[in-house]
Amino acid sequence: MDSAIAPYLFYLFSFVVVVSGLLVVTLRDIFHCALFLILCLFSVAGIYVLLGADFIAAVQVLLYVGAIAVLMIFAIMLTAKVSGIGIKQQNEQVPIAIITTVAFVAIALYGLGKTIWNIKTDVAIPDNTTMAIGKLLMTTYVVPFEIVSVVLLAALIGAIVIARRN
Amino acid sequence: MEISLAHYLALAAILLGIGMFGVLTRRNAVGILMSIELMFNAVNINLVAFNRYVTPADFTGQIFSIFVIVVAAAEATVGLAIVLLIYRNFRDIFVDNINLMKW
Amino acid sequence: MSFPNVDFALLSPSLIVCITALLTMLLVPFLGEKRQVVVAHLSWIGLSIALFAVSQQIGKNATTFGGMFLGDDFSQFFSGIFIVAAMLTIFTSIDYLRRKENEHGEYYPLILFATYGMMVMASSSNLLVIFLGLEIMSVSLYVLAGFARTELKSTEAAIKYFLLGAFATGFTVFGIAFVYGVTGTFDVAGIINAAFGQSNVDTFLIIGSALLLIGFGFKVAAVPFHMWAPDAYEGAPSPITGFMSAGPKAAAFAAMLRIFSVGFGSTVPHLQTLFWIVAVATMTVGNIIALRQNNIKRMLAFSSIAHAGYILIALVVGTGEASSAAALYLLAYALTNLGAFMVIALVDSGAKHDEFTSIDTYTGLARKRPFLGLALTLFMLSLAGFPPTAGFMGKFVLFKAAVSQGFYVLIVIAVLNSLVSVFYYLRVVVKMFMTEPDGQPVEVPAVPVFLMVALAFAVAAVLLIGVYPQGWFNFAGLSILGAN
């Protein structure tokens, strides 16, 4: 990555993430929300590339954009009769929600300013992360790697049990 | 103009705030689920950024973020199945209309 | 970089539960509709083998997979609680599902998966593994809460439980990310080392810990994160309500005790104050709202919130003694509540839908069915904390651990709360014994043999812990690995 343009790319991606994120939570048509969710997820993948995490960026696109977002659109289509336009999409908690959210973000940003991070700059950033991650998943992190398969299996069975017809 | 860890963390905090706002205000169950996905993405930005700046040599944060993505997929699967179930039973997916028992 | 050494004996209890879940799950489609009950029997047989495996691992206090998986007495004790809870739930469910005409075999593997998740949660001090265990448990329970798919209330319970649970998961992982950002590790011992040396603890570690507290607070239904609990408890099938109140609560507390109490809680300022406030709010709100409930499942949901408040005392105190006392309390609470839900599920299964969950249903029950009445009375007394029951012993050791550290105000509030709780527990007892049944008497089904065994076991265990606590006090010094 050319370091001269990296800051501009960061601001570009961040702008897209924030704007599309805001549209996801405010638009009236839930289908449009899903499309902006996809845009937002793509930009987050761009952020990962800037951070040198190319494998995570690929996983993000494949799993989030490819699977989860499509799943959302499926659900919207299947429930289309009730999620159309013209129905109020927001409840009465908007003012409270704004206050809570702004307070939370303010606390987080304040803490951000106060914390001295233990940043290591002297270590080289690896170019290719895929091989290293693959090795770690099969050695140090083999326990969580095996356990997460049970998470997926439980979710799979659970979804079938819940969604099948009698 | 140098982008530092704080920039990424600020972005993550804002995205988390957006997600929280969505969860608190959306009436549509799928909309709430999408907002929760935004929150998970904020977490992942944090994890990958910490990984890059705090532990650049090992991949602890990146590996955690893979697991977060997988778990998010699992939760979305179950969640959308439950959404289809309420649609079938109530003909409605607005959570504040589904109120046989009071909250 | 090499493959870590694996101690399969140490892994055996959770492996057996997981393998049983996989095998029974594969068996479900091959059994006809009439023979789904075979899955239930295989499941409890697998669980009893796992319980035996747990008993073989007590005292080993070893770790495997490079410290990712801990087999200390703390985790074995909690694994025991989870397995017993799952077995009692299965015994309660066999007849319940048949009477509700909802006999689907997948129910039992899901219980086993949830149990496996809880065991994973209690057996690691790595936040990544704890998080994954939490997810296995949660995903299975979302489905189990909505298992009565044609019941509207069950569906509503599932969606509320799911949405708030997923929201809480977001907070949990955010907290983990912050803690990792400050300390550079996911291992509790490593976090302690990284946080301890610093003169002033970073703001982000405090925020991270607070976010973790929110995430786990949702799971144990601590105030103000308790909103989901009454609806989820009321709507879920009765045996699952019992399971939810016993297993996941114990698992979330096991993880919290490991993370905060013996973990890095003491190195983070303000955290103790936060726990104090949450504990007092939880027990008080739970008890006061429980007073005006007319549905017995909903009442026990608020009672469960109140009990979470008592157990949070252990996190305020933060000593090893308090952690062990909390473990005993959770065992006592699990046995008592599961016992109570056996009776509730039996009464509930008298109707095809959920008409029989109001407290009025229990009018005159003890006169018609003395054994059921006496058993439920014992469980109510145990929940209220009367001697000589397990509930009393749990409260006694927990409060003693707090008093020895000088938390007098907290204990006075807790004791006053226990007094308030006596009213609503005894209301059920009074209904059963004193009042004449009026109008249409409720037809309570005969007690099936498996439920009878489970009920007898629960009664015996509640009395045994209450009368002969010495056998359990030896556990008071549970050794906990992963601490300093």
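Me: What's the average pLDDT for chain C?
Reply: Chain C averages a pLDDT of 88, and 92% of the residues score at least 70. pLDDT is the predictor's confidence in each residue, from 0 to 100. This is a predicted model, where local features need pLDDT of at least 70, side-chain atom pairs count only at pLDDT 80 or more, and totals for chains, interfaces and linings use all residues. Residues are numbered from 1 along each chain as its sequence is written, while chains are lettered from A and ligands numbered from 1 in the order in which they are written.

Me: And what are ipTM and pTM?
Reply: The model has ipTM 0.94 and pTM 0.94.

Me: OK, A and B. How many residues go into that contact?
Reply: Chain A puts in 73 residues and chain B 63 residues. Contact here means C-beta atoms, placed from the backbone, within 7 Å.

Me: Which helix of chain A gives the most there?
Reply: Helix 3 of chain A, with 12 residues. Helices are DSSP runs (H or I, at least four residues), numbered from the N terminus.

Me: How does that side of chain A split by class?
Reply: The side of chain A that touches chain B has 56 nonpolar, 15 polar and two charged residues. Ala, Val, Leu, Ile, Met, Phe, Trp, Tyr, Cys and Pro count as nonpolar, Asp, Glu, Lys and Arg as charged, and the others, Gly among them, as polar.

Me: Switching to B and C, how many residues are in the contact?
Reply: 33 residues from chain B and 32 residues from chain C.

Me: Which elements of chain B give two or more residues to it?
Reply: Helix 1 (5-25), helix 2 (29-53) and helix 3 (60-90) of chain B. Helix 3 of chain B gives the most, with 15 residues.

Technical notes: Contact = placed C-beta atoms within 7 Å.
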